[in-house]
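User: I am new to this structure and would like to learn how to read some of its features. Please take me through them one at a time.

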Amino acid sequence: MSTSSVPGPSHSGPVAERSAVFADRHIGPDAGGLDTLLRVLGQPDLDALEKAAVPAAVRNDRPLELPEAASEAATLTELRAIAARNRPAVSMIGLGYHDTITPGVIQRNVLESPAWYTAYTPYQPEISQGRLEALLNFQTAVTDLTGLDIANASMLDEGTAAAEAMTLIKRTARSKSSRFVVDADTLPQTLAVLRTRAEPVGIELVVADLSNGLESLPVGDFFGLLLSYPGASGAVRDHRQVIAAAHEREAKVVVATDLLALTLLTPPGEVGADVAVGSAQRFGVPLGFGGPHAGFIAVRSELQRQLPGRLVGVSKDSHGTTAFRLALQTREQHIRREKATSNICTAQVLLAVMASMYAVYHGPDGLKRIAERVRKHALWLASTLQHGGIAVEHELFFDTVRAAVPGRAREVVAAARERGIHLWADGDHVQISISEATTGEHLAAVVESFGLQAGFAAYAPLMPQWAERTSEYLTHPVFHAHRSETSMLRYLRRLSDSDLALDRTMIPLGSCTMKLNATTEMAAVTWPEFAGLHPFAPIEDAAGYLELIDQLSSWLCEVTGYAAVSLQPNAGSQGELAGLLAIRGYHRSRGDEGRTVCLIPASAHGTNAASAVMAGMSVVVVKTATTGDIDMADLRAKVEQHADRLAAIMITYPSTHGVFEETVTELSDLVHAAGGQVYVDGANLNALVGVGRPGVFGGDVSHLNLHKTFCIPHGGGGPGVGPVAVAAHLAPFLPNHPMVAQAGPETGIGAIAAAPFGSASILPISWAYIRMMGPDGLRRATLTAIASANYIARRLQEHYPVLYTGAGGYVAHECILDLRPITAATGVTVDDVAKRLADYGFHAPTMSFPVAGTLMVEPTESEDVAEIDRFIDAMIAIKGEIDRVAAGEWDVADSPLRGAPHTAAELAADWERPYSRTEAVFPAGVSPAHKYFPPVGRIDGAYGDRNLMCSCPSPEAYA
Ligand SMILES: *Cc1c(COP(=O)(O)O)cnc(C)c1O
């Protein structure tokens with residue numbers, strides 16, 4: 001068992017073992033560093049700090065019961081044993097997930113490169129031009145291939161993209177009907193997610209067999225229609241008449257589609273679709289037992305302002321240079337809250353970058369060659385089966401052959417499995433899906449599994465004229481310039497060199513917990529046993545995954561004090577929705593249909609309100625007291641006012657103000673007494689692991705962000721994993737999945753994500769983190785994070801007021817610096833300070849969340865004292881610059897603050913500023929030997945929004 005005393009980073013055991021203590025590598029401050037922090041805080045040790053900073057009612061009554069820490073080497077050995085229990089056969093299941101060949105240059109230099117995977121969402125565009133360019137390539141590829149006008153920078157998966165398309169159409173269609181028609185030949189997981197998402201917001205799903213075209217379209221009104229192209233069965237159908245008929249009835253049309261197929265097929269945009277959705281997985285992103293992968297959505301330009309998620313756009317910087325930044329609804333949830341178009345925050349940036357680079361590397365010709373080979377293999381297989389007397393269901397298909405084998409489907413699938421191939425059985429049919437990775441041997445083995453001999457088969461590769469794609473795609477030079485590996489390598493390097501990620505500097509973003517993503521934690525992600533498994537593979541071939549999922553789930557339950565957890569949600573936002581739907585399911589199971597009010601404090605993360613609306617709840621805002629705490633008087637009044645209708649309160653703990661509120665148990669008693677449930681947003685769990693358990697101090701449900709607290713890298717804006725953890729009474733209402741019974745309770749709320757276990761292939765990261773830290777290491781990490789945040793707060797207090805503190809004057813794991821008095825007195829804004837930090841080589845803290853005009857700083861436990869001091873010194877030096885503005889020495893408009901960030905190019909140009917070039921780019925503490933130059937100056941966001949352009953600009957734009 002673990003000991004609860006944490007005197008500092010000392011440990012017992014033989015000396016030879018010491019180098020094996022991972023926690024000492026993960027935690028930045030060493031013994032001397034910790035002393036420095038504690039001395040400034042006036043605390044003898046971390047235990048004392050815990051007692052001073054964390055309210056007694058919140059603190060754990062006992063140490064965590066987790067396995068003792070294992071070394072990095074031992075952890076990898078254990079993981080290899082788990083991996084060996086997975087048997088990733090040759091995957092020919094299809095159904096939205098296809099085997100693919102990740103080009104080595106992309107695997108090593110994107111997926112396995114910290115320059116890409118440790119980056120943050122590009123809200124600070126000047127230091128994010130590389131990933132913004134990569135995402136613009138992604139948007140351009142999706143736009144071109146779907147034949148629509150504008151695409152966003154990724155969705156969480158195909159199922160949720162379809163759900164977002166449905167609600168987008170609901171907001172914009174002229175029809176006032178509440179019916180949404182779905183093609184029966186749609187991926188079952190997409191249908192499941194649509195069901196989960198439709199019902200709470202009053203949308204009625206009508207599933208219709210549209211295989212006979214127009215006649216089968218349901219009578220009566222509907223606001224939207226989703227068609228699949230190709231269908232789940234592989235069929236490629238001519239949807240033009242159905243689309244025209246839907247438009248006549250004032251409905252809009254979504255087409256779920258496949259990017260590789262669209263290199264050959266007439267794109268949705270050319271047959272009348274208003275929206276296209278799908279997954280970019282087969283563009284070089286491993287199967288990974290279901291994720292993470294980049295979903296996509298593309299729309300006609302009339303709908304562009306309704307696009308959910310993040311959209312990269314082209315704008316210009318202060319020198320008129322072309323520059324990229326997030327367009328329009330950048331931080332939409334925070335601004336529009338319950339009126340937001342969706343709750344998506346973290347998306348799938350790293351995977352979108354991979355897919356975009358796959359398109360860059362292969363180019364249109366290469367992609368077309370891959371698609372033609374897939375199609376030829378499928379045609380060969382179909383005619384061979386037919387030749388052997390087996391009926392093939394569809395006349396027109398791209399990659400999937402659906403064969404009728406009455407009474408024999410399971411037998412054929414079993415025979416293929418014996419040959420190392422996974423096929424899909426559906427009643428009396430077997431589906432075989434061809435991919436880029438399919439070989440002649442695979443096909444021969446499939447034929448044998450049907451009891452036939454492979455031989456010569458004649459086939460006609462003819463496509464009807466309506467289906468044959470004639471329009472060009474990927475004509476932009478970027479899709480033609482990098483055919484050699486050398487060129488590709490340098491392109492990837494050039495882009496990542498433009499950006500600041502964790503491999504260069506601390507990223508002190510409050511609420512985002514940008515901590516170490518250790519190399520050993522990342523190792524297993526690309527092992528074929530984890531990367532190569534299809535999410536619908538026979539469950540006995542996924543035994544390793546099930547074991548890992550089981551262990552990780554039980555550890556997360558122990559850490560949070562809840563009874564059950566679902567790992568399916570693939571971002572925090574999706575965990576929120578799942579948790580709120582669990583609450584809804586619970587109330588309804590007790591006949592409490594009327595409980596639909598969700599109380600949310602004014603300071604909450606914007607996703608909270610957006611998720612509540614998606615769960616069919618109405619949001620009632622609870623005020624903040626002047627101390628920054630929840631206004632308990634207002635809370636009491638609102639609970640009383642809505643008692644009969646109270647569904648839940650959604651709080652964040654510690655609060656988004658970075659404070660351990662003393663009132664949390666009182667608050668939860670109050671809400672419980674009125675019949676409501678308590679949702680504790682667990683994004684700030686980095687202040688609690690090993691210290692306090694939300695399931696014990698008052699919560700009924702929490703989502704966690706494994707991409708914050710549990711070391712999954714942020715990937716430039718995804719992937720993420722947002723597990724939802726619940727108390728026992730809510731466990732029957734966790735997500736489940738139509739294809740995999742093990743994914744959740746039968747009584748569950750349905751699928752929240754397309755894949756049964758969400759982004760399964762990155763779960764080994766969090767598993768390895770917990771395994772290597774052990775209970776003591778986790779607790780020490782938490783307390784060190786709290787110590788570091790308090791150290792920053794104390795040292796910066798005299799330069800920038802710390803807005804809120806808890807009892808005893810302590811903050812939690814982050815602190816808010818109030819710039820508003822400075823702005824009022826000098827005109828220097830938070831933006832100026834954020835951009836100026838780039839000149840000092842830092843990524844800015846979180847800007848204007850949760851309070852406008854402030855910066856929220858979260859150092860995490862991973863930064864050592866030297867780096868923390870470097871940041872503090874930069875902030876103090878910037879304050880010195882602000883003082884010179886205040887003293888009238890510089891006009892704010894001509895100050896290095898407003899001029900920031902400064903580029904190398906402007907140094908070489910005429911210099912007519914009241915400060916020197918050296919003051920501009922080598923201010924105090926910045927060594928010319930280690931200087932980071934942002935590639936562009938301050939970006940004009942408004943210009944880009946007025947002149948919206950969201951695909952690659954022509955090369956002349958750079959002239
Ligand atoms: C990050 C965060 C979320 C949203 O998580 P995503 O994974 O980005 O969807 C929700 N609440 C809080 C407090 C957060 O910090």
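User: In which loop does Pro850 lie?

Analyst: A word first on the source: this is a predicted model. Pro850 lies in the loop between β24 (846-847) and β25 (854-857).

User: What is the form of the peptide bond from Phe849 to Pro850, cis or trans?

Analyst: Most peptide bonds are trans. The bond from Phe849 to Pro850 is cis, with omega near 0 degrees. Another cis bond runs from Gly291 to Pro292, with omega near 5 degrees. Pro292 is in the loop that joins β7 (275-279) and β8 (295-299).

User: Is the phi of Ser154 positive or negative?

Analyst: Most residues other than glycine have a negative phi. Ser154 is not a glycine, yet its phi is positive, about 130 degrees. Look for Ser154 in the loop between β2 (150-151) and α8 (158-172).

User: How do I read a pair of helices, and at what angle do α5 and α12 cross?

Analyst: Start with the axes and the angle between them. Helix α5 (residues 104-111) and helix α12 (residues 349-387) have axes that come within 10 Å and cross at roughly 150 degrees. Angles over 145 degrees count as roughly antiparallel, so α5 is roughly antiparallel to α12. Their crossing is right-handed.

User: Which residues of α5 and α12 meet?

Analyst: From α5 come Val105, Ile106, Val110 and Leu111; from α12 come Leu350, Val353, Met354, Met357, Tyr358 and Tyr361. By type, this contact has ten nonpolar residues, no polar and no charged ones.

User: Are α24 and α27 roughly parallel or roughly antiparallel?

Analyst: Use the angle again. The axes of α24 (residues 763-796) and α27 (residues 865-886) come within 11 Å and cross at roughly 30 degrees. That angle makes α24 roughly parallel to α27. This crossing is right-handed. Residues in the contact include Tyr791 and Arg795 in α24, with Asp869 and Phe871 among those in α27. The contact divides into nine nonpolar, one polar and three charged residues.

User: How many residues surround the ligand?

Analyst: For a ligand, list its neighbours, then look at atom pairs. Here 15 residues surround the ligand, and the closest are Thr346, Ser511, Asp681, His707 and Lys708.

User: Which residue has a side-chain N or O atom 2.7 Å from an oxygen atom of the ligand?

Analyst: That residue is Lys708. For Asn705, a side-chain N or O atom is 3.1 Å from a ligand oxygen atom. With Gly572 the atom belongs to the backbone: an N or O atom there lies 2.7 Å from an oxygen atom of the ligand.

Definitions and conventions:
Residues are numbered from 1 along each chain as its sequence is written. This is a predicted model: local features need pLDDT of at least 70, side-chain atom pairs count only at pLDDT 80 or more; totals for chains, interfaces and linings use all residues. Side-chain values use heavy atoms; hydrogens and water are left out. Axes are lines fitted to C-alpha atoms, for helices over the stretch in contact, and angles run from 0 to 180 degrees between N-to-C directions. Helices (H or I, at least four residues) and strands (E, at least two) are DSSP runs, numbered from the N terminus. Angles under 35 degrees count as roughly parallel, over 145 as roughly antiparallel, 65 to 115 as roughly perpendicular and the rest as oblique. A crossing is left-handed if the near helix is turned anticlockwise from the far one by less than a right angle, and right-handed if clockwise. Contact means heavy atoms within 4.5 Å. Ala, Val, Leu, Ile, Met, Phe, Trp, Tyr, Cys and Pro count as nonpolar, Asp, Glu, Lys and Arg as charged, and the others, Gly among them, as polar. A residue is near a molecule or strand if one of its heavy atoms lies within 4 Å of it. A polar contact is a pair of N or O atoms within 3.5 Å; within protein, one must be able to donate a hydrogen and the other to accept it, and residues adjacent in sequence count only if both atoms are side-chain atoms.
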